Each structure stands twice: as structure tokens, then as C-alpha cells.
Amino acid sequence: MTLTASAQTPSMPVARPVALEIQNLGKRLGGNTILDGLNLQVHEGEIVALLGPSGSGKTTLLRCISGLEAPDAGTLTIAGREMYNAGRRLNVPPEGRNLGLVFQSYALWPHRTVAQNVAFGLEQRRVPKAELTERVQAVLDQLGLGALAGRYPGQLSGGQQQRVSLARAFVTEPSVLLLDEPLSNLDAKLREHARVWLREALNASGKTAIFVTHDQSEAMAVADRVAILRGGRLTQYDAPEQVYAHPNSLFVADFIGNPNILEASNPRPDGHLTRVDVYGTSLVGVGVPDPELNGQTRVVLRQEALLPGAPGQPNTLSARRVSSVFLGPVWEHWVEIHGQRLRFHTPGRLTDEQVHIHIPANQLLIFY
Ligand SMILES: Nc1ncnc2c1ncn2[C@@H]1O[C@H](COP(=O)(O)OP(=O)(O)OP(=O)(O)O)[C@@H](O)[C@H]1O
């Protein structure tokens, strides 16, 4: 079966105009290649997450889009206007790009009220007082901050401060919003609420937004499309469901969703699927060629795809149960197959030491 996921092919048929177009962007720092011929296209109103391991170039890419960092190759166009072109030596400074920036540290002025913080960008643009007051109030109301206009940042919770920094970016009507780890200062519980709120607020505003995150669940919860970076390149760019169900490499499969990965051997076609051997057990699944594996084979088993099986049932692994822990909603079991550990969940307790785990063929990913 041929998978549809690919590095640069969007899965969403979008007719909307392009808000950001990046072609062959390159950046070197201290003798190292940080961005390596990177291409990215974002449509108007789309929310895109830049996700990748530490050092993959997410922040550098965001800084190049903002103009805070100058790339050294390629082109970058925002809302139809070329902002950077290496060949033409064009590099529009940040203030000429009409962007809204939201940083990890909210960077609010402590001695200005919420309304004054939000008004700052409009004051700089010399917006008349009456219009300024109206626009600030409208944005504060839109983001549920209307009642807090007269407070100082020190009198707000972390989540409220984050909303103020977003309001400050919204108010200037930017072509594109850039958010650098926007929720990372919030504690875990607040973050879960904040990501739903952030998605709702961005959707309601209709703004194009690009945000950097380390957190794959945050990327999937908030974004329309997830751009996965690796070594300064875009390795997959797709809707969250697509990235999750159809990763185009073992790297992406491993990075998203913390799955079980087992060694396998002898990949061979089986109808439109692929068959492999996992320690003497023959399994059939969806084959994905991955040149980086250099002839090795790996199977990826997502925990939620694993079901209790029976001896002799096709696509079923037999394993020794090593431990089980009760997590509340489910039991988590750790089993061993030839020294390799595998984790899966069941709604109820398991008592047998030998367990049989069934994997539906369409949920088993085989990288070879
Ligand atoms: N001024 C610099 N000089 C040399 N190398 C740099 C410089 N700034 C960043 N780098 C390197 O560039 C690479 C990419 O950094 P960048 O901050 O863009 O990655 P990131 O994906 O945002 O990482 P993180 O998730 O850790 O913030 C890293 O290897 C980093 O060490």
C-alpha cells in the first residue's frame, strides 16, 4: 500500500490564498547548517505547528520568518510580498513585515495596565485615540479579558497574562501571527485548558498562525497542520491525524505518540500489504519504505491499536507479561518479546503470565 504522507505535499486540499511561502531557505550559524533548503507553504487562516526535536531548527525558522534572524539562502514571501530574497539581497526588517509576535515570556510591561499593554502597538502606529480605545476593547472582549482591562500584569494569573500577550499581537491586525512556545510557561493542567482555548481563539479570529512547540500533543491539539523538522529540513508536513496514522518515516512514527517499536526481518509483499517476521511470528501490516533504515526492518505498534488476542489468531504476538500497573481509566501492561519491552493497555486486569496481543493489519506500520 502506498502511503499518501510525504515531506512537502499538503494533505488538505486548500483553495485559500497563500499567507506564507518559503522556498529553499538556508541558514548557517557558527559553521553549522541550521536550516537546509527548507520549503513551507501556509494558507490564510491556517494554524501550523513547527514541531521537532531540540536543535532541529524550529526557533531559527520562526526567527527567520519574523526578520529577527537573516537567512543566507532562499526566498520568503508573506501575504504576497517578498520579505527575503537571497539572490536579490532583499531583507525587510521585522517592523516592515506586519507580523504579530507572541513570546514564551509574555514580555508585558509591569507598570502598564492590561489595556495599556495591548494599546502599545497601536500607539506606535499613531492610531487615533478613539479608534485605539475601541480596537483595544474589542480585542480584550474577544479574548475574554474585558473585565481585566484596568489590572496590572502582576495581578493576573499566568494564563491571563498569556491571553494579554496574544491580545497585544491580535490588535495590530497582523498578516501572520508567530508564537514561540506560547504555552510553555503554564503548568501542566493549565496548559491542557490553554491549548483548547488557543485553538478556539485563533480559529475565531481567522488569523494565520505559526507556532513553535516541543510538545507533540500540543501541536496536534492546536494545529491544522504539523510541520515536523529534523536537522533543519521539513521531514513531514500534514494534518495531525495524517502525521499520526501515516508517518512517512520511522523517525516521525517514533517522535509522535511514543509507540512500541520492535525489530523485524524479511519484509515481503502480501497483496497490497507487507508481511514481516517478528521473532518467528509472521505479521502483516502497512509497509513504508524508509531509506534511512539501510536494509533494517522495524514494526511500530501504537499502544491503543493493541488488543487482547488468542493463541493461533493471525497477526498476534505471544509475550511474557512482566508487570501491570493500574492507571485509573486503564491497566498498563509491560510485556517482553525476546528481551524487547512492549507496553499496552486494557480496560481490565490481566492475570496470565503469557499474553497474546493482536494487532489489526491496517494499524501495524512496517518500516523497511
Ligand atoms: N548563534 C548560534 N551559533 C551557532 N549555532 C547556533 C546558534 N543558535 C542556534 N544554534 C544551533 O542551531 C541549531 C538549531 O537551533 P534552534 O534553536 O533553531 O533549534 P530548536 O529546534 O528551536 O531547538 P529547541 O527546541 O531546543 O529550542 C541548534 O543545534 C543550535 O545549537
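The points below cover the ligand shell, a helix, a strand and a loop residue.

1. A word on the model and its numbering. This is a predicted model, in which local features need pLDDT of at least 70 and side-chain atom pairs count only at pLDDT 80 or more, while totals for chains, interfaces and linings use all residues. Residues are numbered from 1 along each chain as its sequence is written. Helices (H or I, at least four residues) and strands (E, at least two) are DSSP runs, numbered from the N terminus.

2. The ligand shell. The ligand is surrounded by 13 residues, and the closest are Gly30, Ser54, Gly55, Thr59 and Thr60. Here a residue counts as near if its C-beta atom, placed from the backbone, lies within 6 Å of the molecule. Two or more shell residues come from each of β2 (32-43) and α1 (58-66), and α1 gives the most, with 3 residues. By class, the shell has 10 polar, 2 nonpolar and 1 charged residues. In that count Ala, Val, Leu, Ile, Met, Phe, Trp, Tyr, Cys and Pro are nonpolar, Asp, Glu, Lys and Arg are charged, and the others, Gly among them, are polar.

3. Helix α4. Of the 13 residues of α4, 10 are buried (20 or more other C-beta atoms within 10 Å of a residue's own; exposed means 12 or fewer, partly exposed in between, with C-beta atoms placed from the backbone). Among the buried residues are Arg163, Arg168 and Phe170. The buried residues of α4 pack against β7 (99-102), α2 (114-124), α3 (129-142), β8 (176-180) and α5 (188-205), where contact means C-beta atoms, placed from the backbone, within 7 Å.

4. Strand β10 and its partners. In β10 (residues 225-230), 5 of the 6 residues are buried. Strands pair if DSSP finds at least two bridges between them. β3 (residues 47-51) runs parallel to β10, joined by 4 bridges, and Val48 stands opposite Arg225. With β11 (residues 233-238), β10 pairs in the antiparallel sense over 5 bridges; there, Leu229 has Leu234 as its bridge partner. β10 and β11 form a hairpin with 2 residues between them, and Gly231 in the turn has a positive phi of about 55 degrees.

5. Gly295. Is this residue buried or exposed? Gly295 is exposed, because 7 other C-beta atoms lie within 10 Å. Gly295 is found in the loop between β14 (281-288) and β15 (297-301). Its C-alpha is 9.8 Å from that of Pro267, with the two residues 28 apart in sequence.

Key
Two residues are in contact if their C-beta atoms, placed from the backbone, lie within 7 Å.
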